[in-house]
Amino acid sequence: MFDWNRSCSYDEQQKRRFHTTARSRLKKLAAELALPPGSFEIRSNRAGIAVSGEVTLHHDRAYIQVGQFGMSSGHGILIRTCKTRKDFAGGANHFVALTMLDDIPALAAAVRAITAIGRDAERRAA
């Protein structure tokens with residue numbers, strides 16, 4: 001398991017692992033949500049040496065960003081609705097624990113509850 005709570009500050013190797021692992025998990029999340037190809041992008045902002053930066057899955061209707069910005073609370077995944085991939089402000093911010101990246105089905109359920117994306121695929125499977 002990846003240690004999501006190990007700081008990336010001033011640790012280039014940890015930051016590289018953080019971004020690589022977060023990107024991989026967000027790709028799995030997109031698959032779990034049955035997001036159509038072309039309806040989302042995953043991008044990475046490494047930012048400065050003192051911070052983790054962030055990895056973002058930006059869908060046409062959801063914005064999901066992973067970073068170590070809520071370390072004291074244990075939260076590090078921002079989930080909110082948006083109207084397009086040019087909408088960077090979107091709806092209300094919701095935060096869940098970084099460790100949810102280790103349980104993609106649970107993270108997908110949280111994303112569905114907040115954004116309603118992926119529910120059509122979930123209904124077809126039932």
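In what order do the elements of the chain run from the N terminus on? They run α-β-β-β-β-β-α-α. That gives three helices and five strands. Helices (H or I, at least four residues) and strands (E, at least two) are DSSP runs, numbered from the N terminus. This is a predicted model, in which local features need pLDDT of at least 70 and side-chain atom pairs count only at pLDDT 80 or more, while totals for chains, interfaces and linings use all residues. Residues are numbered from 1 along each chain as its sequence is written, and side-chain values use heavy atoms, with hydrogens and water left out.

**The chain as a whole**

- The chain has 126 residues, and 41% of them count as buried. Buried means under 20% relative accessible area, exposed means over 50%, and partly exposed lies in between (1.4 Å probe, protein chains only).
- Take the contacts between residues at least 6 apart in sequence: 46% of them join residues at least 24 apart. A contact means heavy atoms within 4.5 Å.

**The nonpolar core**

- In soluble globular proteins, nonpolar side chains tend to be buried together.
- The largest nonpolar core here has 27 residues. Such a core is a set of buried Ala, Val, Leu, Ile, Met, Phe, Trp, Tyr and Cys residues joined through side-chain atoms within 4.5 Å.
- Leu-29 and Ile-77 have the most contacts inside this core.
- α1, β2 (54–59), β3 (62–70), β4 (75–81) and α2 (104–115) each supply at least two residues of the core.
- Leu-29 touches Leu-57, Ile-64, Ile-104, Leu-107, Ala-108 and Val-111, leaving aside residues up to four places away in sequence.

- α1 and α2 pack at an angle of about 65°, and their axes are 9 Å apart. Axes are lines fitted to C-alpha atoms, for helices over the stretch in contact, and angles run from 0 to 180 degrees between N-to-C directions.
- The crossing of α1 and α2 is right-handed. A crossing is right-handed if the near helix is turned clockwise from the far one by less than a right angle, and left-handed if anticlockwise.
- From α1, Arg-25, Lys-28, Leu-29 and Glu-32 take part. They meet Ile-104, Pro-105, Leu-107, Ala-108, Val-111 and Arg-112 in α2.

**Aromatic rings**

- Rings of Phe, Tyr and Trp (its six-membered ring) pair if their centres lie within 6.5 Å; planes under 30 degrees apart count as stacked, over 60 as edge-to-face and the rest as tilted.
- By this rule there are four aromatic pairs.
- The rings of Trp-4 and Phe-18 have centres 5.7 Å apart and planes at 75°, so this pair is edge-to-face.
- The pair links distant parts of the chain: Trp-4 is in the segment before α1 and Phe-18 is in helix α1, 14 residues apart.
- Both Trp-4 and Phe-18 are buried.
- Ring pairs also link Phe-2, Trp-4 and Phe-18 into a cluster.

**Three alanines in loops**

- Ala-34 sits in the loop between α1 (12–32) and β1 (40–45). Its relative accessibility is 43%, so Ala-34 counts as partly exposed.
- Ala-34 and Ile-117 are 83 residues apart in sequence, yet 9.0 Å apart in space, C-alpha to C-alpha.
- Ala-47 lies in the loop between β1 and β2. Its phi is positive, about 55°, although Ala-47 is not a glycine. With a relative accessible area of 44%, Ala-47 is partly exposed.
- Ala-116 is in the loop between α2 and α3 (119–125). Ala-116 has a positive phi of about 70°, although it is not a glycine. At 32% relative accessible area, Ala-116 is partly exposed.
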